[in-house]
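Here are my notes for someone opening this model for the first time. Keep the view beside you and go through the points in order.

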Amino acid sequence: MTEPTPQVVAARRLLQEVCTLLAPFRDDTVLIGGWVPEIRFPDATPAHVGSIDVDFALRAGRERHAQVIALLLQNGFRQGTEPYQFVKNLEIAGRSFPVRLDLLTSRRHHAEIFEGSPAAPFPVGGAEYALLHYSLESIGSTEVRVASVVPFLIMKAHAILGRDKPKDAYDLHFCLENSPGGIPTLVVEFAGLIDDPDVRDVLRRLAGRFRDENDAGPCAVVEVEGQMGDARAIRKLAVFTQVDDFLRALRIRP
């Protein structure tokens, strides 16, 4: 297994620190983003590559949100380039690495609570499902709300469509490949959401990135995995097949 980069090691350390800091706000926060696959599937082989930042979805009022920001600033974080971003430097093997924490929320919560506020969590597609569907997981010595696989997949579909970041496709496929029970179990878990027009729409558009093994989605996955030569072609076909089978099982076509 490839050793994690120092940046990933720093981000993992920051994740544990943030989980401890946000423990008093546990009922208002859910871990989302690139650390979810590692937390949900810690025994996967090969292991998940980790992440270089930390993302939390918040469902708090303005006062509670201000308390979160004050707590971060009191504990060595500084404001990032955006109002929802907070950065802290951590030393790994004698080198200092800046790691970013993003405070995010659902579009509905943002519109209802933070409209017009300069200091607000950033609204992202699919976060409303993560704020409702999660489980308590131990990260370090702290129990944290972690997004369930279904809302995570919906959020990753939004991310894949909204930006050019290969790891989004990798994260989505990693969860499909490692979910206990495979696609049949995921289809059952999607039952309560699959008829939501917004969910069907984002998955339909996601299918447009996985039309065949040479489409953008499979290519992004093997880029992150570092596949080369014949193994690359074989892996792209396997990735396409996995995602296509999943979408077909949900009756989703581009």
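1. The largest pocket holds about 760 Å³ of space. A pocket here is an open set of points on a 1 Å grid over the protein atoms alone, with protein on both sides within 12 Å along at least five of seven lines, and lining residues have an atom within 4 Å of a point. Grid points are joined across faces, edges and corners, and a volume is the space filled by probe spheres set on the points. This is a predicted model, where local features need pLDDT of at least 70 and side-chain atom pairs count only at pLDDT 80 or more, while totals for chains, interfaces and linings use all residues. Residues are numbered from 1 along each chain as its sequence is written, and side-chain values use heavy atoms, with hydrogens and water left out.

2. What lines that pocket? There are 31 lining residues in the largest pocket, and Ala47, His48, Val49, Gly50 and Tyr170 lie nearest its centre. Helix H1 (6–21), helix H7 (166–178) and helix H10 (216–225) are the elements giving two or more residues to this lining. Helices (H or I, at least four residues) and strands (E, at least two) are DSSP runs, numbered from the N terminus. H7 has the largest share, six residues. By class, the lining of the largest pocket splits into 13 nonpolar, nine polar and nine charged residues. For these classes, Ala, Val, Leu, Ile, Met, Phe, Trp, Tyr, Cys and Pro are nonpolar, Asp, Glu, Lys and Arg are charged, and the others, Gly among them, are polar.

3. Now for the second largest pocket, with about 590 Å³ of space. Its lining has 27 residues, with Leu104, Val124, Met155, Ala159 and Arg163 nearest the centre. Two or more residues each come from S2, S5, helix H6 (149–162) and H7. H6 gives the most, seven residues. The second largest pocket's lining has nine nonpolar, six polar and twelve charged residues.

4. How many cavities of 30 Å³ or more are there? The count is one, and the largest cavity has about 50 Å³ of space. A cavity is a set of grid points where a 1.4 Å probe fits but cannot get out. Among the residues lining the largest cavity are Cys19, Arg26, Thr29 and Phe56. Strand S8 (residues 142–147) gives the most to this lining, with four residues. Five of the lining residues are nonpolar, two polar and three charged.

5. Thr29 also belongs to strand S1 (residues 29–32), where Thr29 and Leu31 point one way and Val30 and Ile32 the other. In a regular strand the side chains alternate between the two faces of the sheet. All four of these S1 residues are buried (under 20% relative accessible area, with exposed over 50% and partly exposed in between; 1.4 Å probe, protein chains only). S1 runs antiparallel to strand S2 (residues 53–58), joined by four bridges; strands pair if DSSP finds at least two bridges between them. Val30 has Ala57 as its bridge partner in S2.

6. A few backbone spots deserve a look. The Thr45 to Pro46 peptide bond is cis, with omega near -5°, and Pro46 sits in the loop between helix H2 (36–40) and S2. Ala93 is not a glycine, yet has a positive phi of about 50°; Ala93 lies in the loop between strand S4 (85–92) and strand S5 (95–105). Arg251, in the segment after helix H11 (229–249), has a positive phi of about 65° and is not a glycine either.
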